[in-house]
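User: I would like to learn how to read helices, salt bridges and chain contacts in a model like this one. Could you take me through them in turn?

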Amino acid sequence: MKIIFHDKNASILALFAALLYLEKKQKYDFKNIMNKTMLKLDVINNQQGKLIYIGSDQDNNTIYITGRKRYKKIVCRVIRSFHKVMKLRERPVYFNLSPHYNNYMRISILSGKIKLPYFLQYYFIIRGIKREFFKLDNQIKDFKRRVRLYNWL
Amino acid sequence: MVIIYYCYGGTHSSVLAAAIHTGLLPVDKIPASREIMALPYFDKIPSKLIGNLYYYGKDKENNEVYVLGLGKARKISKNSLQSIIDFEEIDEDVKIVNTFKNLNLTVKIGGYISKRLNLVFPGRNIVIYGLQKTYHKYVQMVTKVKKKIGIA
């Protein structure tokens, strides 16, 4: 399966969620992930919609993140129907991160738009992720269980 | 090979291009209004279903032709498709063709009247008039595509 974590901008939150899914993430270990992946996020922010490969899990499902602006339904439909038409082996499964946005993350995005220094953007996004951590962690565990069940079936 | 023609709603210009490609419409003359009106999917796909691929038929070489509407998510969806194509390495099995570039103002206005304002009868006729005006451009575009994939 192709597991796609998507939100409006392919933010650090999407990446964080993908790494949580892959269990590559220690609790609150944010510095490493940001240093490693900022370049990728820069690339995707210039090309919204592009899928970024993050890794594969133990069942060989591939994990991607993408930013799809406000067009969740259209982009998901396009990807799904394209997979059907091309008879691709891996079916796409989506995890929407938009419900996990809180005010800290919104401030971070806003500060990026008005070009405030990077450290402020990071500060707010990390505060936001820390706040959302347990809820997100639980949902991803649940999601993972469902993916495994689906694989098994 | 799979050929995908896409436009805004996936119901006017992409359908016309797909019809020319599959041979439902002639390449040497401008078709009559009723011929265009009778095309499958013409002005029939609702806006809610934008993003789905619709099978249109096969050409002489048995290539499958599909139509697709991308709405306002044109660039984003195109990027997604392109990255899937790159990951799966199916570059030679798919051809994605943009039919936006042949749209004229008449077709846009007609599409808006038909789809947004739900005034189907006048909207559809305006769209058909607009498509007939630029029909030769669609024929040229399809011929180019066919040349590229080695049919014509």
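Analyst: We begin with a definition: helices here are DSSP runs of H or I with at least four residues, numbered from the N terminus. This is a predicted model, and in it helix α5 of chain A covers residues 118-152, with A:K141 and A:D137 both lying in that helix, four residues apart, which is about one turn of the helix.

User: What do A:K141 and A:D137 form, and how far apart are the closest N and O atoms?

Analyst: A:K141 and A:D137 form a salt bridge, in which the closest N and O atoms are 3.3 Å apart. The cut-off for such a pair is 4 Å, and by this rule the count over all chains comes to seven salt bridges.

User: How many salt bridges are counted between chain A and chain B, and how much area do the two chains bury between them?

Analyst: The size of an interface is often given as the accessible area lost when the parts come together. Here chain A and chain B bury about 2,100 Å² between them, with 72% of it on carbon and sulfur atoms, and the contact takes 24 residues from chain A and 27 residues from chain B. The count between these chains is one salt bridge; B:E88 forms a salt bridge with A:K2, where the closest N and O atoms are 2.5 Å apart. Nine residue pairs are found in polar contact across the interface, both residues being at pLDDT 80 or more.

User: Which element gives the most to the side of chain A that touches chain B?

Analyst: On that side, β3 (62-67) and α3 (72-86) of chain A each supply at least two residues, and α3(A) gives the most, with 10 residues. The residues of this side divide into 12 nonpolar, six polar and six charged.

Definitions and conventions
Residues are numbered from 1 along each chain as its sequence is written. Chains are lettered from A and ligands numbered from 1 in the order in which they are written. This is a predicted model: local features need pLDDT of at least 70, side-chain atom pairs count only at pLDDT 80 or more; totals for chains, interfaces and linings use all residues. Side-chain values use heavy atoms; hydrogens and water are left out. Contact means heavy atoms within 4.5 Å. Buried area is the accessible area (1.4 Å probe) that two parts lose on being put together, summed over both. A salt bridge is a side-chain nitrogen of Lys or Arg within 4 Å of a carboxyl oxygen of Asp or Glu. A polar contact is a pair of N or O atoms within 3.5 Å; within protein, one must be able to donate a hydrogen and the other to accept it, and residues adjacent in sequence count only if both atoms are side-chain atoms. Ala, Val, Leu, Ile, Met, Phe, Trp, Tyr, Cys and Pro count as nonpolar, Asp, Glu, Lys and Arg as charged, and the others, Gly among them, as polar.
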